[in-house]
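Have a look at the model first.

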Amino acid sequence: MRSIRIEAADISLLPVVKGLVSEELTVSRSFDEVHPDVIAVSISREDLEGLHRREDYDKYEPSDLEIIYQAFLESFGEVRIPPPAYVRALEISKERGTPIIPIDMNEELYTETYCQKVRTRDMIRESFFARRATGKSYDLSSPEAFARSWDARVNRARGFRELERAREVHMANALRRLSSRYSRILAVIECERLEGVARTLENGSAANQDTLIK
């Protein structure tokens with residue numbers, strides 16, 4: 001866990017591996033350690049609304065890439081959809097009465113940003129990767145190392161890298177806004193994006209009003 005102080009607020013950035021069931025315990029322990037006033041999660045408003053509907057969990061149909069990702073991740077333990085780290089964060093929010101706030105782009109903004117950043121050649125490259133993903137080599141030294149190496153492959157095209165960078169800036173700005181309202185913030189963020197979010201928070205200058213919470 002990485003801590004950053006923004007004015008009078010302490011932001012604890014918790015990296016998690018999406019899909020890994022063991023991350024439930026990581027989130028629970030971190031909550032007890034931080035005792036946050038608010039839980040921030042790196043998902044969209046629409047995704048958080050979906051997490052509230054537990055009856056729909058079994059209806060989700062993963063993409064081909066998600067199926068391959070899951071197969072590799074199972075080397076480190078049980079894997080589940082939706083990501084257990086976020087499900088546990090929501091459960092804790094309900095149990096402890098702590099607000100939970102999504103800090104990722106909403107669907108409208110994500111779609112708009114996608115159209116701005118991702119070109120046809122980027123989509124073609126992604127389709128080639130999807131067809132050959134099982135034959136690629138990844139860093140399997142740890143769940144975090146695998147998640148980052150997978151992310152580097154998936155976002156090899158410039159447009160997708162820029163899209164993920166835009167998400168990092170958006171989430172950092174959202175956390176900065178939360179820091180004006182809460183003193184202790186626990187931010188549950190996928191490990192692939194955490195360093196980018198942290199750098200933006202620490203630099204401060206990358207904050208852009210166009211990417212604030214919408």
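Predicted model: local features only at pLDDT ≥ 70, side-chain atom pairs only at ≥ 80, totals over all residues.

β2 and β5 pair in the parallel sense over seven bridges. Here two strands pair if DSSP finds at least two bridges between them, and the elements are DSSP runs numbered from the N terminus: helices are H or I with at least four residues, strands are E with at least two.

Residues are numbered from 1 along each chain as its sequence is written, and side-chain values use heavy atoms, with hydrogens and water left out.

Strand β5 (residues 184-190) also pairs with β3 (residues 38-41), again in the parallel sense, over four bridges. Ile39 has Leu186 of β5 as its bridge partner, and Val41 has Val188. Six of the seven residues of β5 are buried (under 20% relative accessible area, with exposed over 50% and partly exposed in between, using a 1.4 Å probe and protein chains only), so the strand is largely enclosed by the rest of the structure.

## The whole sheet

Zooming out, five strands make an open, mixed sheet ordered β1-β2-β5-β3-β4. Its edges are β1 (2-6) and β4 (100-102), each pairing on one side only. On average, neighbouring strands are turned by 25° against each other, direction ignored; axes are lines fitted to C-alpha atoms (for helices, over the stretch in contact), and angles run from 0 to 180 degrees between N-to-C directions.

## Helices on the sheet

Helix α4 (residues 84-96) packs on the sheet and touches β2 (9-16), β3, β4 and β5, with its direction at about 160° to that of β3. Contact means heavy atoms within 4.5 Å. Helix α9 (residues 191-203) lies across β1, β2 and β5, running at about 160° to β2.

## α1 against α4

Helix α1 (residues 23-34) packs on α4 at an angle of about 40°, their axes 8 Å apart. That makes the pair oblique, the class left over once angles under 35 degrees (roughly parallel), over 145 (roughly antiparallel) and 65 to 115 (roughly perpendicular) are taken out. The residues in contact include Val27 and Phe31 of α1, and Ala89 and Ile92 of α4.
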